[in-house]
Amino acid sequence: MSVTNETWLTSLNDGLETVIGAINGVLWGQLLVYLLVAVGIYFTLRLGFIQIRQFRHSIDVLKSGKDVDNGISSYQVFCTSMAARVGTGNMAGVAVALTVGGPGAIFWMWVIALFGMSTAFIESTLAQIYKTKDVDGQYRGGPAYYMEKGLGMRWMGSLFSVFLIIAFGLVFNAVQANTITDALSHSFGFDETIMGVVIVACSAFFIMGGLRKIAVASAKIVPVMAIGYLAIAMVIVIMNITELPAVLALIVKSAFGWQEAAAGGVAYTIAQAMQSGIARGLFSNEAGMGSAANVAASATPNPNHPASQGFVQMLGVFVDTIVICSASAAMIMLSGVMDQPNAATGISLLQQALTSELGGWTTYFMAAAILLFCFSSIIANYSYAETNVMFLNGNTKKGLFAFRLCVLVMVMFGSVASLPVVWNLADASMGMMALINIIALVMLSKLAIKVIKDYETQLKAGKTPEFDRSKFPELDDLDGAWHPEGTEPVAATSK
């Protein structure tokens, strides 16, 4: 009987892996890549390449939004979104892109990041437009909210919330914890169970404190991890500065198949580079997935206009992919480890590059980097999920404590176990939430573009942009944060 049960469970697991694998193959191998590229190009054209025209202004907005008397500043929100974006994908993901798609994949990562900046602008602006206040006076918003308030489709927002909670709130946090314990176990021999308990305790300290404590922590952790990582990359670049022009030329040549033209198979080479680079770039910067928009809504903008947070999140996509991912690519390519017969794969390829250039001590540096990258992702991912749990519960805290306990259980589970079918389920959940969000973005893009152009018109006139809701009759019935004459909305109550 036990043998029969074991056989049945094995068959069920194999069946689930097959079905989920097929879903992910369609979502990430075909549908989402084309859709996200298409909407990125569409929004870029509609906004007149705003990511290039107003790039300097986006930096100014971020610098001016460091401190607020109440709520969460734009800078803290930027760091929280970067904590979730920047993770092992910026290290292992780049290595995978190079291994599968060759050097040309990096070029296509840059391209998709450029277009993705406009998509991030649209979704973050919409998150600000349709934000509301919870029972504690904290701003909440994101795709679920603009689907309900902007499209009148609460069912759509609820579906999005469920997928996000599964992916970011539960499974991805288990994955991050697993990455931490695996790295520390291999580097220092630490016991995975003990490390799991420590990670759970540290995670509980921040997530039990709510969104503001997470934002404050992210504002301290993210600059340290980003600057440290980029500093190491810069050292390697300087050590190999004479090779840099050749590496850049190789990236461009490989992107268009010029490097492989003599050997034939150019079309296949280009396709491999494009698919690998675009997929890994989208996975890294999350533009269009609707994840970062959840925390973008919580900002107290400066200037007092919904579009200001769009500038900030647009910059986040740039830093994630064009800066940090490029740093990883530079370290790998300049070291020459890809040309070695015993070249590793994944994050081990990056570690091999660091060791060959700077010595064995970089094993400890990588362990520290993974610890910071992954732990910051745990608390930031939780913040995304918290907003969606509250959305499902009428913007109240009902059930929030129980959900926090579930997150901590998953963090502990991920620290000591690995279950591939669960990770694949998370990818499928994230793919579905991205698909739902893209539909909503296209349907609401007319309003978002109108709001963004209102900001630019005021800026061009030499004014500090201020949002006047009377200019937007489509928002007359909105019971959100942007009330006429600066009146504050009444905090939500339990339904």
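I began with the largest nonpolar core, which has 152 residues; Ile 122, Leu 126, Tyr 130 and Tyr 229 touch the most other members. Such a core is a set of buried Ala, Val, Leu, Ile, Met, Phe, Trp, Tyr and Cys residues joined through side-chain atoms within 4.5 Å. Buried means under 20% relative accessible area, exposed over 50%, partly exposed in between (1.4 Å probe, protein chains only).

The model is predicted: local features need pLDDT of at least 70, side-chain atom pairs count only at pLDDT 80 or more, and totals for chains, interfaces and linings use all residues. Residues are numbered from 1 along each chain as its sequence is written, and side-chain values use heavy atoms, with hydrogens and water left out.

Next I looked up Ile 122. Not counting residues up to four places away in sequence, Ile 122 touches Phe 43, Leu 47, Leu 441, Ala 448, Ile 449 and Ile 452. Contact here means heavy atoms within 4.5 Å.

I then turned to Ile 41. Ile 41 sits in helix α1 (residues 2-46). Ile 41 counts as partly exposed because its relative accessibility is 32%.

I checked helix α5 (residues 92-101) too. Its buried residues are Gly 93, Val 94, Ala 95, Ala 97, Leu 98 and Gly 101. Helices are DSSP runs (H or I, at least four residues), numbered from the N terminus.

Last, I read the UniProt record. Its unreviewed entry annotates "transmembrane region" over several spans, including 151-174 and 194-211. Residues 151-174 are 92% helix, with end C-alpha atoms 33 Å apart. Residues 194-211 are 83% helix, with end C-alpha atoms 27 Å apart. UniProt positions follow the numbering used here, feature names are shortened, and annotations may be inferred rather than shown by experiment.

Conventions. Helices (H or I, at least four residues) and strands (E, at least two) are DSSP runs, numbered from the N terminus.
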